[in-house]
Amino acid sequence: MPVVLGYWGLRGYGEPSRLLLRYAEADWEDAVIPVTQEGMDHWFKEKKYNLGLDFPNLPYVIDGDVKLTQSVAVLRYLGRKFGLAPSEADMGKADVFEQVISDLRVGFNKMCYSSPDRFDGLKTDFLEKLPKKLEEIANFIGAGPYALGEKISYVDFLALEYLDVIATFTPDHFKSGTIPDYVQRMKDLPALKKFYESEDCTHKSYFINAPMATWNGNPKKE
């Protein structure tokens, strides 16, 4: 029985888990909910409270009797299932890095989903603080090749997607150095390279954020 991952038809908070599943070449179902009025009606009125989820939300994962929500909890579960959990010695570092990357995405979202009259001010603040945050992340990754050293883990898929998203927004901050090298190294992993280079790569069509966001990452406009 395939693992079912449910999320909107955009990248958002569901894409790190999709990338992990693609890397693992797992048997999985991408249960996409279209970002349309029909899709939203189907989710909120028919599906959300009928899947047996303790805390109905998106993304969700259903794997036999396991039914989970919350994006990082879903990613952690998939990491454990597919041998991508950090070692016992690295768990503390993984926890910290996970939260740093997640906080960066939350701050980015605060700007992206702000009202148009607040966007420019929040953008200026975000970009002023970004170099220091990227410097800290780069120092953490170091020579890599992965975030925790020699062993790839679930946090790499979180970092890959969220750093890639911010690089789309402000490419000038990602021209060279440790972070762009790290992101490219992840993208060059065979299973991911196949996805990114395929005609069916959803990053060519999926918005990064919901279409109603002030900055939605429409790939046809970037």
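Visitor: Where does isoleucine 62 lie?

Guide: Isoleucine 62 is in strand β3, residues 60-63. Helices (H or I, at least four residues) and strands (E, at least two) are DSSP runs, numbered from the N terminus. Before we go on, this is a predicted model, where local features need pLDDT of at least 70, side-chain atom pairs count only at pLDDT 80 or more, and totals for chains, interfaces and linings use all residues. Residues are numbered from 1 along each chain as its sequence is written, and side-chain values use heavy atoms, with hydrogens and water left out.

Visitor: Okay, is isoleucine 62 buried or exposed?

Guide: Isoleucine 62 counts as buried because its relative accessibility is 17%. Buried means under 20% relative accessible area, exposed over 50%, and partly exposed in between, with a 1.4 Å probe and protein chains only.

Visitor: Which residues is isoleucine 62 in contact with?

Guide: Setting aside neighbours within four places in sequence, isoleucine 62 is in contact with Pro2, Val3, Val4, Leu51 and Lys67. Contact means heavy atoms within 4.5 Å.

Visitor: And which strand do bridges join to β3?

Guide: That's β4, residues 66-69: four bridges join β3 to β4, and the two run antiparallel. Two strands pair if DSSP finds at least two bridges between them. Aspartate 63 has valine 66 in β4 as its bridge partner. The hairpin of β3 and β4 has two residues between the strands, and glycine 64 there takes a positive phi near 65°.

Visitor: How do strands β1 and β2 run?

Guide: They run parallel, with six bridges joining β1 (residues 3-8) to β2 (residues 28-33). The chain gets from β1 to β2 through helix α1 (residues 15-23), and this β-α-β crossover is right-handed. Right-handed means that, with the strands pointing away from the viewer, the path from the first strand over the helix to the second runs clockwise.

Visitor: Let's zoom out. How many helices and strands are there in the chain?

Guide: The chain has eight helices and four strands. Along the sequence, the pattern reads β-α-β-α-β-β-α-α-α-α-α-α. The radius of gyration is 17 Å, close to the 17 Å that the globule rule gives for 222 residues, so the chain is as compact as a globular protein of that length. That radius is taken over C-alpha atoms, and the globule rule is 2.2 Å times the number of residues to the power 0.38.

Visitor: What percentage of the 222 residues is buried?

Guide: Buried residues make up 50% of them.

Visitor: What about arginine 105, which helix is that in?

Guide: Arginine 105 lies in helix α4, residues 91-112. Arginine 105 is buried yet has no salt bridge, and the nearest side chain of opposite charge, glutamate 161, is 5.7 Å away. A salt bridge is a side-chain nitrogen of Lys or Arg within 4 Å of a carboxyl oxygen of Asp or Glu. For charge, Lys and Arg count as positive and Asp and Glu as negative, while His and the chain ends are not counted.

Visitor: Last one: where is glycine 39?

Guide: Glycine 39 is in helix α2. Glycine 39 is buried, with a relative accessible area of 6%.
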